[in-house]
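Visitor: I've just opened this model and I'd like a close look at one part of it. Could you walk me through it slowly?

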Amino acid sequence: ITRFQAGCASQTIRNPLQLYRHLLRLVRTLPPGARPYYSNYIRQAYNSHSDETDPDRVRQIIDRALLDADWVVKKSAGCACKGIRACKICCAAKQLPLVAVSAASSLPQPDQPPLHFCIDCQAVRATPRHADGDDAEHWSAIPSSASGLAGIRVFRDFINPDEEAVLAAEIDKRPWAPSQSGRLPPYWSALLPRLLALPGLADFQPVELCNLDYQPELGAHIDPHIDDTWLWGDRLVTLNLCSDTSLTLSQSAGSTRISIPMPRRSVLVLSGPARYDWLHAVLPDDVTGRRLAVTLRELAPDWLETVDGRALLKAGAAFDGVSVVELKSGGS
Ligand SMILES: O=C(O)CCC(=O)C(=O)O
Ligand SMILES: [Fe+2]
């Protein structure tokens, strides 16, 4: 059971005493007025279950308590669920069907099986590559439904596991908000030269960094969309941290889908047709562990020669970005 997130690591609650201490610590994050009520509630619940001996039942009580605690903490912090979307925790609390979690998961099934981007071939294939086999279908020509689909590149192991741990911890040091983006923070100054050394990125000038935190317990996902084309330029660059997932490309509900693997520590670059002619999504079922996505964006060409564009380029290159949350709370 993952509750305390710190970088890629997670803490597991194994017994009632750990749970009890964990819950009392969580109470300290609630508004002062709510603390006495919840502390009391936790103590009473702990005492009332103290004679429980069945390990399955104990596990059940722990799981339920963690889920409830998540909900209380999340609500007091202002839940990010809005509009017609609800996370898994809100679905459970409001007894909504889970499909409310994602429009993507309720899309009609495509007529054809999904196609797969193969990192080794750097091309779309009819079948994923089997590590052990000589799979003729995999090596066959690029499927016609994806012909002309250029603009996908995945670079494995852009960073090593130690760098990943440091980066994820740095990201978690700053407050998270339901939506967060900003200029490049200091921890990117060392990584940017490495990024620009990747094929096709020598002239990439990022002016925006967006960190997204996907937690499977919440049903985290991103629905099919095309990133804004007015402000953002051709290349969308994403560094994947903490767990493997896939990006799903589609053109309309029911159309062929293309699954692009995004292993942890890899970099994905979407550009050209893959960026402009296809929608991309991360489906809830593809989020199997906590995942941090760090997306860097460049300006659309029309902006480059404008005063505002030049100011944004300068700000992006300064590595003094603070998160939107810090800005709002008056932090530096
Ligand atoms: O999580 C990802 O890899 C995709 C995020 C995305 O598409 C976006 O932020 O626009
Ligand atoms: Fe996107």
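Which strands does helix α10 (residues 307–317) lie across?

Guide: Helix α10 lies across β6 and β13, and runs at about 60° to β6. Bear in mind that this is a predicted model, where local features need pLDDT of at least 70, side-chain atom pairs count only at pLDDT 80 or more, and totals for chains, interfaces and linings use all residues. Residues are numbered from 1 along each chain as its sequence is written, while chains are lettered from A and ligands numbered from 1 in the order in which they are written. The chain has a mean pLDDT of 81 (the predictor's confidence in each residue, from 0 to 100), with 78% of residues at 70 or more. For the complex, the predictor gives an ipTM of 0.99 and a pTM of 0.75.

Let's look at what sits under that helix. Both β6 and β13 belong to an open sheet of 5 antiparallel strands, in the order β5-β11-β8-β13-β6. At its edges are β5 (152–155) and β6 (206–214), each pairing on one side only. From one strand to the next, the twist averages 20°. Contact here asks for C-beta atoms, placed from the backbone, within 7 Å. Angles run from 0 to 180 degrees between N-to-C directions, with axes fitted to C-alpha atoms (for helices, over the stretch in contact). Two strands pair if DSSP finds at least two bridges between them; helices (H or I, at least four residues) and strands (E, at least two) are DSSP runs, numbered from the N terminus.

Now follow β6 and β13 to the ligand. Around ligand 1 you'll find C210, L212, I222, D227, T238, L247, H280, V282, A293 and T295, each with its C-beta atom, placed from the backbone, within 6 Å of it. Two or more of these residues come from each of β6, β12 (279–282) and β13. By class, the shell has 6 nonpolar, 3 polar and 1 charged residues. Here Ala, Val, Leu, Ile, Met, Phe, Trp, Tyr, Cys and Pro are nonpolar, Asp, Glu, Lys and Arg are charged, and the others, Gly among them, are polar.

So where does β12 come from? It belongs to another open sheet, with 6 strands in the order β4-β3-β10-β9-β12-β7 and mixed pairing. Its edge strands are β4 (123–125) and β7, each pairing on one side only, and its twist averages 25° from one strand to the next. On one side, β12 runs antiparallel to β7 (residues 222–225) over 2 bridges, and H225 partners H280, a residue of the ligand shell. β12 also runs antiparallel to β9 (residues 245–250), with 3 bridges; there, S250 partners L279. The parallel sense turns up where β3 (residues 115–118) meets β10 (residues 258–262) over 2 bridges, with L115 partnered by I258.

Notes:
Contact = placed C-beta atoms within 7 Å.
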